[in-house]
Amino acid sequence: MKHSFLDKYSDIDSPMQRVDARVKAVCALVMIVAIVTTPVERVLPFAAYFAILATVFLLSRIPLAHIAARLVIVIPFLLCFALVTPFVPHYSGEPGQAIGVLSLKYYPSGMIVLVSVTAKAFGGVLCIVALTATTPFAELLRGLERLRVPRLFLVLLSFAYRYLFLFVDEMERMKRARDARSFGGSRWWHARVLGRMTGTMFLRSFERGERVYGAMAARGFDGTFHSVRPLRLGGADAASGAAFLALVAAVWFVF
Amino acid sequence: MHIPDGFASMPINIASAAASVAVVGYALKRAGKSLDQKKIPLLGVVAAFIFAAQMLNFPVIAGTSGHFVGAVLAAVLLGPFEAVLVLALVLVLQCLMFADGGITALGSNIFNMGVVGALLGYAAFRGVMVILPKNKSGTLTAAAIAAWFSTVAAAVSCAVMLGASGRYPFELAVPAMAGVHALIGIGEAAITVVALALVMAARPELIAARPGASVQTRTAATGVWGVVVAGLGAAVVLAVIVSPYACSDPDGLEKKAIGESARRFVEAAKAEISKPEVVKVEVYANPGVAEEIENTDGEPHRILCAAGMDALAKTKVKEVENAEIFAGRVVSTEASGALHEKKFEQQGAVWTHSPIADYRLNISDKDYLKVGLAGLIGTILAFGIAFAMFSAVRGRKR
């Protein structure tokens with residue numbers, strides 16, 4: 001199953017989409033850890049990481065607009081950070097340069113930390129997008145299961161995923177109905193309307209959960225789960241995954 | 001509040017991931033063991049609901065908006081560990097679908113919003129329920145307080161993680177995050193209360209299943225007074241015994257700065273004291289550590305010292321090795337005679353250059369009694385006011 005705003009591009013036929021989900025999950029995780037643990041004073045590894053990511057995106061043919069939309073999400077967090085960090089020394093005894101506003105001082109080390117955090121946050125988002133946009137969610141879950149993630153957690157996750165867009169759509173409908181009735185007035189009124197929307201949605205979700213269980217029980221659900229399609233790890237998948245990991249490790253160690 | 005990759009340091013991420021895995025693992029084990037298979041689809045579906053509800057934005061101030069988290073709502077309606085599980089699911093989905101919150105920071109995010117938000121929020125709910133009447137308004141009041149508390153506590157936990165990672169100064173991150181989320185928490189509390197009231201009306205048995213909560217509108221007066229006295233006693237003990245410790249111990253990061261900077265600071269303080277216009281050097285020190293700075297030029301200056309430095313005022317003694325002094329301020333007289341405060345340049349300290357560096361409280365051994373007493377009076381006063389307000393509200397309802 002796929003949904004328009006979740007794994008929208010996972011059915012494009014490209015070399016990236018054909019790789020086994022397990023391989024992609026491990027590669028993405030290793031890449032993120034590599035990015036996060038690389039000191040930013042070294043520019044070269046970051047250039048290499050972003051070059052690798054660019055290659056991956058070119059291969060996967062994910063539209064640039066989709067990637068950009070995902071990158072936007074860290075910007076509020078980064079902005080809060082950017083307002084403070086350059087004005088705080090990050091090692092002891094660092095002389096700051098007065099900038100003439102509110103006795104604030106500018107510290108180069110703070111600026112380095114800001115650049116580092118920005119590069120790492122964007123790198124992390126790009127890795128996640130590269131993984132999830134090229135992998136149907138159900139396949140990702142099966143891959144994670146083979147990677148020993150507890151089964152019950154994945155089952156719950158797949159239930160949540162299954163009903164996610166139903167509730168998002170329902171909430172959008174409620175919002176539209178609310179706005180069509182000239183939603184306005186005081187804060188307290190807002191809170192009451194939002195609270196009732198939330199309460200109604202909870203009741204609907206709860207009752208849907210009960211009905212889903214009833215339907216499952218009627219079809220012989222006994223608390224265990226079976227999957228029909230086992231994942232097969234091909235030699236090509238393993239080889240490409242190993243090559244990717246070797247590349248990332250080379251960047252991390254050599255540069 | 002979703003921390004992206006690269007913001008928190010790896011030790012912080014690993015530590016909080018370990019804590020989150022432990023709690024979520026325990027919650028999974030409970031959910032798997034419980035005979036109630038009904039819960040399996042239910043938790044997944046409710047996670048989808050929380051995911052959708054978190055898209056409800058409400059305006060806070062000046063263009064910023066907060067969104068509903070739902071940790072306390074889920075904890076009160078489903079149970080604390082079920083709520084942790086639901087929030088963990090939501091955070092994993094947000095991380096994978098929207099890249100909202102990093103993968104390496106996933107453990108930290110689950111810790112902040114799941115473990116702190118839901119577990120601690122539920123603990124607050126149960127704690128407040130102890131002193132509130134077991135009826136509908138009592139349950140709703142407790143849920144409101146717990147929802148506000150859970151939002152602020154999760155934000156503070158997030159700020160502490162960023163601070164401990166050395167990215168933000170604590171004294172900036174913690175008040176800023178707590179301040180904004182104190183406002184967002186009001187929205188969270190209001191939505192939680194209204195939603196809970198609606199669920200109580202439609203499905204009262206869901207709330208009735210929660211220990212400590214009740215949908216009954218009649219008060220069970222038995223035992224209320226005993227609980228009131230016990231709660232007050234606990235609060236007083238905390239105020240008297242714990243509060244003097246709470247304010248003056250430096251935390252880990254500061255402690256690191258102390259060692260490097262203490263020596264240079266002592267040198268500079270000595271030079272400062274020998275100037276004729278200096279009337280007062282305030283040094284904020286650890287309670288219990290006597291800090292003494294020699295007045296080198298021998299002139300009988302009027303040296304007044306702040307709390308923690310009484311020894312300095314009385315005696316001119318030798319310099320103490322490894323003095324644990326960590327922040328200072330010089331007060332000198334200007335030509336006009338007016339007292340003029342000058343920030344003491346403390347070379348080598350890490351955070352003292354930030355705009356709000358000296359908000360720390362300074363307390364000596366001798367002030368323990370005063371602080372304890374202040375804590376006692378404050379607690380009793382707050383309790384009295386709260387109790388009076390509460391009684392008034394209850395009186396009006398009858």
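**Chain B**

I started with the secondary structure of chain B and counted 12 helices and 6 strands. The model is predicted. I then checked burial: 46% of the 398 residues in chain B are buried. Next came the contacts in chain B with a separation of 6 or more. Of these, 72% join residues 24 or more positions apart.

**Contact of chain A with chain B**

I looked up how many residues each chain puts into the contact. Chain A gives 66 residues and chain B gives 66 residues. I then asked which helices of chain A supply at least two residues each to the side that touches chain B. They are H2 (21-37), H5 (75-84), H6 (108-132), H8 (151-180) and H9 (187-218). H9(A) gives the most, with 20 residues. I sorted the residues on this side of chain A by type and got 43 nonpolar, 16 polar and 7 charged.

**H7(A) against H8(A)**

I turned to a helix pair within chain A. Helix H7 (residues 137-146) packs on H8(A) at an angle of about 170°. Their axes are 10 Å apart. An angle over 145 degrees counts as roughly antiparallel, so H7(A) is roughly antiparallel to H8(A).

I listed the residues that meet. From H7(A) they are A:Phe137, A:Ala138, A:Leu141, A:Leu144 and A:Glu145. From H8(A) they are A:Arg151, A:Leu154, A:Leu157, A:Ser158 and A:Tyr161. The residues of this contact divide into 7 nonpolar, 1 polar and 2 charged.

**H3(A)**

I checked the length of helix H3 (residues 43-60) of chain A. Its 18 residues reach 26 Å from the first C-alpha to the last. That is close to the 26 Å expected at 1.5 Å a residue.

Which residues of H3(A) are buried? I found A:Phe46, A:Tyr49, A:Ile52, A:Val56, A:Phe57 and A:Ser60.

I then looked at the face of H3(A) turned away from the buried side. Exposed residues there are A:Val43, A:Leu44, A:Ala47, A:Ala51, A:Ala54, A:Thr55 and A:Leu58.

What covers the buried residues of H3(A)? The cover includes H1 (15-18), H2, H4 (64-71), H6 and H10 (235-254) of chain A. H2 and H6 of chain A had already come up, on the side that touches chain B.

Last, I checked the residue that follows H3(A). It is A:Arg61, and its phi is positive, near 55°.

Terms used
Residues are numbered from 1 along each chain as its sequence is written. Chains are lettered from A and ligands numbered from 1 in the order in which they are written. This is a predicted model: local features need pLDDT of at least 70, side-chain atom pairs count only at pLDDT 80 or more; totals for chains, interfaces and linings use all residues. Helices (H or I, at least four residues) and strands (E, at least two) are DSSP runs, numbered from the N terminus. A residue is buried if 20 or more other C-beta atoms lie within 10 Å of its own, exposed if 12 or fewer, and partly exposed in between; C-beta atoms are placed from the backbone. Two residues are in contact if their C-beta atoms, placed from the backbone, lie within 7 Å. Ala, Val, Leu, Ile, Met, Phe, Trp, Tyr, Cys and Pro count as nonpolar, Asp, Glu, Lys and Arg as charged, and the others, Gly among them, as polar. Axes are lines fitted to C-alpha atoms, for helices over the stretch in contact, and angles run from 0 to 180 degrees between N-to-C directions. Angles under 35 degrees count as roughly parallel, over 145 as roughly antiparallel, 65 to 115 as roughly perpendicular and the rest as oblique. The expected span of a helix is 1.5 Å times one less than its number of residues.
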